[in-house]
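Student: I would like to learn how to read helix packing and a chain interface. Can we work through a case together?

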Amino acid sequence: MKLTFDFAHRNTVKTRSSIAGRPLSLSETVTLEIAEATTMDAPVAVSWDNGSQFTRWHDGRHFKAVEGESDASTLLSRLPPHSTEPVRGFTAGFMLYPTTDTLHIDDPKIEHFDERTRQRRLANVREWANSCLVVDGRMYMACAEPHYRVYPWGLIVATEWGAEDNPGFYEHRPNTIGKGDHLNSGSWFHTERFNLGRGEEAVAMAKLWHGKTVINPDSAGMVDILIPTSIGAPDDRPVLYEAADQLLNSLNHIEFRLIPPILLRGVQPMSELLWGREAREVNPDHLAETLDTARSALRIGDPEMRIVREPHVQRLDEALRRWFDAEISFDVSPTKGLNP
Amino acid sequence: VKIEVMISYEAQCKSDRGTSSYKGKFYETVELEIVETTAAAAPVATETCQWQQQTRWFANRHFLPRYDEDRRQGKQGLTTEEALEIIQDGTLYALNCGYKCFERNQRPSFFDASRYLEFDFVARDQAIAEAKLCFDRILLIDGDIWVECAEPYLIREEFGSKVCHDFAGGGNSSRPNHRALNWLFHSNVLRADDLAAARSIRVLIPESIALQPERETIIDAAKFLLEDYSCFYLWDIHPQVFSALGPVQALYSGRDRAEIDCEALVEPILHLLNLIERHEDEERIGNPFRIAGYRKAVERWLDRDMSIADILPAQAIGNGL
């Protein structure tokens, strides 16, 4: 399905009448292609909650119906120029809509604007079109592979990706969750998420962390996996980096003189490893070792969990457990065969 | 004299009627004691030459008077009974300023232990201890109100020097006779019996002067070095600086000012300063004037006047010495 509409973005614009660049919104016309599929092409991959929730499998990705109003023609009729506000859960977070004070990009008043910003916003709009799918008159958006999430009230099946930062309410993209520092509520943290099929670990964590007794969703048949090949993306979640990050963050909240000396010594190798590097550049084996050192120091230096709070300690424990308990594969054959 | 004052505090509690715990505001009256004495028992210890401000010496502590303006002008002011009556459920001469237990909460309820299933008694004990501390610092000398102060010292400032009686950094700085501890505060402080202070302070009881500004200065240096790195993301501290911070922190943290080993602090601080100078690219911390200030603080400790008793072991000094 081809769509042509005007989208807007904020940019630093120098107009004829202004002395210097100032933030303005610019609009331009884009023509985008939205994928359409039949129910045969996009079959249901995973369903849960007695079939009321499901994802469809298309083009190697999971898609989930837009929450609330999901009728495709209704949603598309709310694209510009018929509306001035992005639709939360559909276009919000990907683009802005032109309003009365928006300048068109070809306006002769404009002398200069930042081209790189414009390219980034254009990429966002293309990403939006790429993540839409219309099946049988309903609108679907791309989502993460369904997984278990342990949260204070038990266990649910979740399909969100972690967002890089914490966007505002109206910039919230569908199927993402912001990275907040809240201990209990809606924040993204990898250690509380488990791939489907690792139900007993999730049950054990719900018992240990929140004292909730939940039945094993795998054995109870809570989740119906209709396309087994759609499940089982490699589990390379950055648990160690997140654990290191939040450990140093929680130490940062208290005064330096109040940190027990033993804890400071325990954290020092990790700080040395991470100094001047991006978290992803660090060798995870080294990081795990230093994190383990920091954890033993934490047990001695802060046994009452006053400095690093209990949820943070639990996340640290879980991150290290996952790292050290990871199944080691002795299969040395290359995944791709050699060229004949 | 005994006095009943009203204190209020916030405490986490769980009522027998509700289901969840909440933070409640409470008030109650506690009976405290204000020590009374006479002018003969509390002799004048020091006086400032310019303003004729006297401190009196009682129970090894200095006290400064707190009068109202009428008294100061020689007119009839409040009598002792009137003053105490005002203090009972109000504030007078800012005597209980800076003590949180005397701040008024909105709509506090009377504390009654039988009405709560769970109660945070730690918060209550802290409030009572704070009230005790406040009234422990008040002394009645012949019916006049005197408040504890630090021993007088001279602060050298850019355009002169002045006498000060305030505790620096002893809790809340808005308490009577308290002040905030500025950066390397003690590096500009001189003892009351110093020669340079002789024109400003007259010391009548020599044993009441015990301040060691050299010692306080090097402790200040350690304190503010650690404070520099307090608002710092730990990933961003250079590894060598981090490892040098460890010994300083270990000597400083969890100790009173009185029990810090200053001689041991010298080497770690100098080592840390060298590494900061070499590696720190944060302008706030690596500022050369700042580092020079810390170096001076250490030098002041090293250049202090020492008596033979400080160098020799205790056994070597005979009883006759």
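Student: At what angle do helix 4 and helix 8 of chain B pack, and how far apart are their axes?

Tutor: Two packed helices are described by the angle between their axes and the distance between the axes. Here, helix 4 (residues 213–228) of chain B and helix 8 (residues 288–302) of chain B pack at about 150 degrees, with axes 8 Å apart. That makes helix 4 of chain B roughly antiparallel to helix 8 of chain B (over 145 degrees). Axes are lines fitted to C-alpha atoms, for helices over the stretch in contact, and angles run from 0 to 180 degrees between N-to-C directions. Helices are DSSP runs (H or I, at least four residues), numbered from the N terminus.

Student: What kind of model is this, and how is it numbered?

Tutor: This is a predicted model: local features need pLDDT of at least 70, side-chain atom pairs count only at pLDDT 80 or more, and totals for chains, interfaces and linings use all residues. Residues are numbered from 1 along each chain as its sequence is written, chains are lettered from A in the order in which they are written, and side-chain values use heavy atoms, without hydrogens and water.

Student: Which residues of helix 4 of chain B meet helix 8 of chain B?

Tutor: Contact means heavy atoms within 4.5 Å. Among them are Ile218(B), Ala221(B), Phe224(B) and Leu225(B) of helix 4, and the helix 8 side includes Tyr294(B), Val298(B) and Trp301(B). By class, this contact of helix 4 with helix 8 of chain B has 9 nonpolar, 1 polar and 5 charged residues. Ala, Val, Leu, Ile, Met, Phe, Trp, Tyr, Cys and Pro count as nonpolar, Asp, Glu, Lys and Arg as charged, and the others as polar.

Student: How do helix 6 and helix 7 of chain A cross?

Tutor: The axes of helix 6 (residues 261–274) and helix 7 (residues 284–301) of chain A come within 7 Å and cross at roughly 165 degrees. That makes helix 6 of chain A roughly antiparallel to helix 7 of chain A. Their contact includes Leu263(A) and Met270(A) of helix 6, and Leu291(A) and Leu298(A) of helix 7. It has 13 nonpolar, 5 polar and no charged residues.

Student: How much area is buried between chain A and chain B?

Tutor: Buried area is the accessible area (1.4 Å probe) that two parts lose on being put together, summed over both. Here it is about 2,000 Å², and carbon and sulfur atoms give 66% of it. In chain A, Phe256(A), Arg257(A) and Trp275(A) lose the most area to chain B, together 36% of what that side buries.

Technical notes
Helix = DSSP H or I, 4+ residues; strand = E, 2+ residues; numbered from the N terminus. Parallel < 35°, antiparallel > 145°, perpendicular 65-115°, else oblique.
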